[in-house]
Amino acid sequence: MHLYLIPLVFALIGLAFYTVLGGADFGAGFWQLTAGKGRRAEAVREHAHAAMAPVWEANHVWLIFVLTVVWTAYPTAFGSIASTLSIPLFIAAVGIIFRGVAYALRAGAAGPRELSVIDTIFSISSVLTPFALGTAVGGIASGRVPVGNAAGGQFSSWLNPTSILIGVFAVASAAYLAAVFLCADATKLNDRSLEEQFRRRALGAGVVAGAVALAGLGVIASDADRIFDRLTAGAGLPGLVVSLLAGVLTLALVWRRHYEPARYSAAVAVAAIIAGWALAQSPVFLPGLTIRAAAAPRSSLIAIIVSVLGGAVILFPSLALLFRLVLSGRLADSGKGLELRPRSRLVRASQRGFLARAAIAFLIAGIGLLTVAEAAWAHALGVFSLLGFVALGFPAALPPEVVPHTHEPSAKTGELH
Amino acid sequence: MTTQQHYLLQARQMQALSFSVHIPLVCFGIAFPTLLLFVEWLYLRTGDPLYRTLARRWTNVMVALFAAGVVTGTILSFEMGLLWPAFTATFGSVFGLGFAVEGFSFFLEAIFLGIYVYGWNRLSPRLHFASGIPMALAGFTGSLMVISVNGWMNHPSGFRLSHGKAVDVHPFQALFENSYFWHELIHMYLAGYIVTGFLLAGAYAVLRLRGRWSRYEQTALAIPLTVAALASPVQGLVGDWSGREVARYQPTKLAALEGLPQTTTGAPIHVLGWYSSGGVEYGIRIPKLLSLLAYHRFDARVRGLDAVPPRDRPPVNIVRFAFQTMVGIGTLLALLGLVYLAVRIRRRRLPRSTWFYRAVALAGPLSVVALISGWVTTEVGRQPWVVYHVMRTSQAVTGAGGIPVGYGTLVLVYALLVAAVAWILWRLARRPLDLEPAAPAAETD
């Protein structure tokens, strides 16, 4: 594979993750929005929230990942896309703010009425954001983003048949993904009625998403013939076929209540259509701009590839940890408990005296090295000395009200009341 | 890419608004996990449920602030393209790497926040404590990466410009071998602890003023206040170092900070006052101090604004006013910190004066003002350049219309966001204090 393609593959992988995971989050918001009223609606909303709350932030970072990789590796294309498609991207951004506010508000809300208001108002974003991002993708796919600073139509680039179609499809598939995931989560909770509710939603949304996709092929045929030809007869065809098959398979799995494999086949359906789009559009990034011409200088490409690979080594185990915890309800531990090691009063007091003196020594050294001395190495040492002053001074300066010098927990709790 | 944009100023204000909402939240990203882990460590060490209660309540606050931080941070990355596409298109290959690596920090923060929050009662105490550590580290590496980009914008290197395109690009050197970046990083890192420390302490100082003063409130006040009290005098020293770095690399910015019209030997400093083309009027003049501070010599030559043509100068009064605000507030905060430390050393307890707690309550919001003023100082002081002496902000801006509409929308949305966050924090503060927290299910949201 050419060097200039590798960051794009990374970005597309990120986009697939964002569409699946971020999509599931927006889909959950969609079900919160449409839950209606009453106790069953409350249960639906609560489940949709609780399943996503621990993971939504991580799911959204995929979008930032995509943006940063594209602007580092394909800066010209990024500048052209962002400026021409500024309106849908801004709408998506506002939607993302609303989504975050909903989660933030949920952390403090108490009553079901408050929750219902919050979910209804802020879940609007769950429709707005995938729709807007879908229209932006449609603008790129239908070749409506020329190279240049806001060189394309500010409205026609995203208010066109292909864009609207992909926008609607994004909303429907997000709802579908979320319903499938939430079915699986409901089974984990052994909540049959909740499972049944989301199963019906999954089946309904799946049929709608499939219908939009099929109808959409006709729209794309008339509106964006290059991508249509290459999607239905050229390089993109395998992606389209795999996506359709995986979509139908997911429906069948949900029908037969095999939710766990359905999670993955749904994800495959999304990833395949993104791959199909990319293959169909390649080697053109934007009209008149090939991927090769859009790519940054070699050194930047190498830097980003190395950084992403290095980051992935940390990222994927961490993600696995998070999802394992959330999906299984707990993480296995070595089993060794933490023994409490209270120190005697004398040891702690002498330690504090030592800490305070060391902190003051660091402060004096820091002033000398950073403020008086001129050399760069002295400044570096000075900074470390000053940080050392704060770090050592902190335990030394904590007042005795905070860290009592006794180690009987029972003796301290009485003062609280 | 040359374009006409009538709303450059609005675009800059929109960017400034987005930063001003996000940066206080960044401070919590830098400092809150560490403070929280310290409290949890105290709990593990002593078994005292008070620390556990405090840690769990702070966790709820952190969840709300992180949610706001995540989305406002996302907006900033959108705006790199929405407002400054020509900047990103030309130099994305040079600076973009910093944000890409920052993206991974962001990932780790978000992932381990999820684990930490969800993991109370689901993980062993040891594992739960450990799950907070990557969060604290990522807060540092994230700010390191973002500031490496800002350092590069102020002191660009690692590329050549050829026909409007960046060639000969060395991204790692551009970002991390940049002598300008360290003082910015340390200054911001300390600011994170100062803002978080004073804001948290301020909340409990308000409770103290209202008569709630059990050991719980004392603990919750003293831990962040101790950090802030130590960090704020140190910030003065780091700020002085930053000043010398600015003098060396951005003499025009320094001249704007101090309102120095002509290149002068033995340059004075003016406190307060107003800059007009001839110099600072109505200010308190301290002779030769600028030369001394900037170059450690009373008769050192300091470059004035006249060293560059007027079109290459930043708006002096904005920069100068912001700078004086930052330094003024910073000095007051450092004094407050020293008072606290003095009482601690001499009386071995927390201060008892009501005035002290009034000052602490005020110090929180003031520290945010100082923080934003500091960023205004450096960012407006860099003008008219987005990449110092390489690309003008007017060359970077989008050619798309509708900036006033976007700006107005963002003002409304952020007003809503700030109101929402304030409401949640108020609600969380009003939750009754419960030494043994209730069922785990209630804690997952």
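This note sets out numbered points on the predicted model shown above.

1. Basis of the note. The model is predicted, and local features need pLDDT of at least 70, side-chain atom pairs count only at pLDDT 80 or more, and totals for chains, interfaces and linings use all residues. Residues are numbered from 1 along each chain as its sequence is written, while chains are lettered from A and ligands numbered from 1 in the order in which they are written.

2. Domains of chain A. The assignment for this chain gives domain 1 (3–328) and domain 2 (346–416); such bounds come from an automatic or database domain assignment. Between the C-alpha centres of these two domains of chain A there are 49 Å.

3. The contact between the chains. Chain A contributes 94 residues and chain B contributes 101 residues; two residues are in contact if their C-beta atoms, placed from the backbone, lie within 7 Å. On the side of chain A that touches chain B, the elements giving two or more residues include α5 (86–106), α14 (298–328) and α15 (345–372) of chain A. Helices (H or I, at least four residues) and strands (E, at least two) are DSSP runs, numbered from the N terminus. By class, this side of chain A has 59 nonpolar, 26 polar and nine charged residues. Here Ala, Val, Leu, Ile, Met, Phe, Trp, Tyr, Cys and Pro count as nonpolar, Asp, Glu, Lys and Arg as charged, and the others, Gly among them, as polar.

4. Contacts of Ala104(A). Leaving aside neighbours within four places in sequence, Ala104(A) is in contact with residues of chain B, namely Ala64(B), Ala67(B), Ala68(B), Ala420(B), Val421(B) and Ile424(B).

5. Helix α8 of chain B. Seven of the eight residues of α8 (residues 251–258) of chain B are buried, so this helix is largely enclosed by the rest of the structure. A residue is buried if 20 or more other C-beta atoms lie within 10 Å of its own, exposed if 12 or fewer, and partly exposed in between, with C-beta atoms placed from the backbone. Among the buried residues of α8(B) are Lys253(B) and Glu258(B). Their cover includes α7, β4 (269–271) and α10 (316–347) of chain B. Just after α8(B), Gly259(B) has a positive phi of about 65 degrees.

6. Arg248(B). This residue belongs to helix α7 (residues 215–249) of chain B. Arg248(B) counts as partly exposed because it has 14 C-beta neighbours inside 10 Å. Arg248(B) and Val302(B) are 54 residues apart in sequence, yet their C-alpha atoms are 9.9 Å apart in space.
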